[in-house]
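Work through these exercises with the structure open. Try each task before you read its solution.

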Amino acid sequence: MSEIIAALEAMFREKAEGRVEMPPKIGIHTMPDAFIHAMPAVIAAEKSSGMKWVAGYPANSQRGLPYISGLFILNDYESGLPLAVMDCTWMTAQRTGAATALAAKYLARTDSETLSILGCGVQGRSNLEALRPLFPLKKVFAYDINQEQATNFAREIQSEFEIDVELVGNAREAVVPCDIVVTAGPILRKPHATIQAGWLREGAFASLVDFDSYWSTAALAQCDKFCTDDVPQLEHYRGLGYFQHIPPVHADLAELITGRKPGRQGPEERTMACNLGLALEDIAVAPLIYRRAIERGIGTWLPL
């Protein structure tokens, strides 16, 4: 995770200088609130190019299948030939958690001790994994509409990370006591807006992994600084019907990392980051996986 966070931070610095290429996501939609997206990108400094073909299907949990699935193709920077085809499920989870951690580095209080995870699936776990090295976390409040999933999450997290996890019965009990809040449910075009005004306390930071699905308009309006990883992509989604009631965007992640816009400026500020999940994040991570596979002799050679 530390390697992935570092790779993303370097990528966002390149993005701030305009030395990357990333068109808006294009996609198809076969079911309500489901998507299959094509996500190409190039990072010139890393000579890294490729594309993720990723699906997100909320109803898959009822089928015993992952919400997110797909493939990533890494291309040779100079010839364009495919170098590798790899699964993107793990990559997507890790880089999403890393993006939350990067945003929190600039927007959360450095003394944050309590973390709320709403949605105890893959993203809830990866966000915790990424945040834990950066903050003195002492307790996690976990909530999921699936009680069995929440119980399994608590058991695994307490065992692996040796951190206290308290299961709570509703979203309010998860949000109110926490310094950092991560909402990681399914992405919905029409938010269920469970989190209400006054729940996110002064000085807290929230990472909206599920877009604004969990947040009411009144709760969003209390945010002092609302940030994202890419404004053009956010506006693209707004045109599709998402993000109809969010506050004005204060900065993107590249601007925060390079100091072009300030992050947290006071202990009482409520801050939010809605990272959309960028193709650039995947193209920053894929070469790490590829190089490690080559070093270890892992994988199957495919004839072209």
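**Exercise 1. Helix α7**

Which residues of α7 are buried? Then place them around the helix axis and find what lies on either side.

Solution. The model is a predicted one.

- Step 1. Gln233, Leu234 and Tyr237 are the buried residues of α7.
- Step 2. Around the axis, these residues cover an arc of only 105 degrees, so they sit on the same side of α7.
- Step 3. Recall the helix geometry: an α-helix has 3.6 residues a turn, so residues three or four places apart point the same way.
- Step 4. Now look at the face turned away from the buried side of α7. The exposed residues Pro232 and Gly239 are carried there.
- Step 5. Look for the cover. β3 (35-43), β12 (225-228) and β13 are among the elements over the buried residues of α7.
- Step 6. Check the ends. At the N-terminal end, aspartate 230 caps α7, with a side-chain oxygen 3.0 Å from the backbone nitrogen of glutamine 233. Glycine 241 follows α7 and has a positive phi, near 110 degrees.

**Exercise 2. An aromatic pair**

How far apart are the ring centres of phenylalanine 211 and tyrosine 242, and at what angle are their planes? Classify the pair and locate both partners.

Solution. 

- Step 1. Know what to look for. A pair of aromatic rings is described by the distance of the centres and the angle of the planes.
- Step 2. Count the pairs. The whole structure holds 4 aromatic pairs.
- Step 3. Take phenylalanine 211 and tyrosine 242. Their ring centres are 5.7 Å apart and the planes meet at 80 degrees, so this pair is edge-to-face.
- Step 4. Locate them. Phenylalanine 211 is in the loop between β11 (205-208) and α6 (217-221), while tyrosine 242 is in the loop between α7 (231-239) and β13 (249-252). The pair thus links distant parts of the chain, 31 residues apart.
- Step 5. For phenylalanine 211 the relative accessibility is 2%, which is why the residue counts as buried.
- Step 6. Widen the view. One aromatic cluster is formed by Phe211, Tyr237, Tyr242 and Phe243. Tyr237 is also one of the buried residues of α7.

**Exercise 3. Positive phi**

Is the phi of phenylalanine 211 positive or negative? Compare it with the general rule, then look at lysine 47.

Solution. 

- Step 1. Start from the rule. Most residues other than glycine have a negative phi.
- Step 2. Phenylalanine 211 is not a glycine, yet its phi is positive, about 60 degrees.
- Step 3. Lysine 47 also has a positive phi, near 50 degrees. Lysine 47 lies in the loop between β3 and β4 (48-56).

**Exercise 4. Threonine 183**

Where is threonine 183 placed? Decide whether it is buried or exposed, and name its contacts.

Solution. 

- Step 1. Threonine 183 belongs to strand β10 (residues 180-183).
- Step 2. Its relative accessible area is 0%, so threonine 183 is buried.
- Step 3. Leave aside neighbours within four places in sequence. Threonine 183 then contacts Leu118, Ile195, Ser207, Leu208, Val209, Asp210, Tyr214 and Trp215.

**Exercise 5. Cores and a buried glutamate**

Which residues touch the most other members of the largest nonpolar core?

Solution. 

- Step 1. The largest nonpolar core has 66 residues, and Leu115 and Leu131 touch the most other members. Helix α2 (residues 89-107) contributes the most, with 9 residues.
- Step 2. Beyond four places in sequence, leucine 131 contacts Thr100, Ala101, Ala104, Leu115, Leu137, Ile180 and Val182.
- Step 3. A second, separate core has 31 residues, including Ala204 and Leu234.
- Step 4. Glutamate 269 sits in the loop between α8 (253-257) and β14 (271-274). Its relative accessibility is 10%, so glutamate 269 counts as buried.
- Step 5. Among the residues that glutamate 269 touches are Ala204, Asp224, Lys225 and Arg264.

Key
Residues are numbered from 1 along each chain as its sequence is written. This is a predicted model: local features need pLDDT of at least 70, side-chain atom pairs count only at pLDDT 80 or more; totals for chains, interfaces and linings use all residues. Side-chain values use heavy atoms; hydrogens and water are left out. A nonpolar core is a set of buried Ala, Val, Leu, Ile, Met, Phe, Trp, Tyr and Cys residues joined through side-chain atoms within 4.5 Å. Buried means under 20% relative accessible area, exposed over 50%, partly exposed in between (1.4 Å probe, protein chains only). Helices (H or I, at least four residues) and strands (E, at least two) are DSSP runs, numbered from the N terminus. Contact means heavy atoms within 4.5 Å. Rings of Phe, Tyr and Trp (its six-membered ring) pair if their centres lie within 6.5 Å; planes under 30 degrees apart count as stacked, over 60 as edge-to-face and the rest as tilted. The arc is that of the directions from the helix axis to the C-beta atoms. A polar contact is a pair of N or O atoms within 3.5 Å; within protein, one must be able to donate a hydrogen and the other to accept it, and residues adjacent in sequence count only if both atoms are side-chain atoms.
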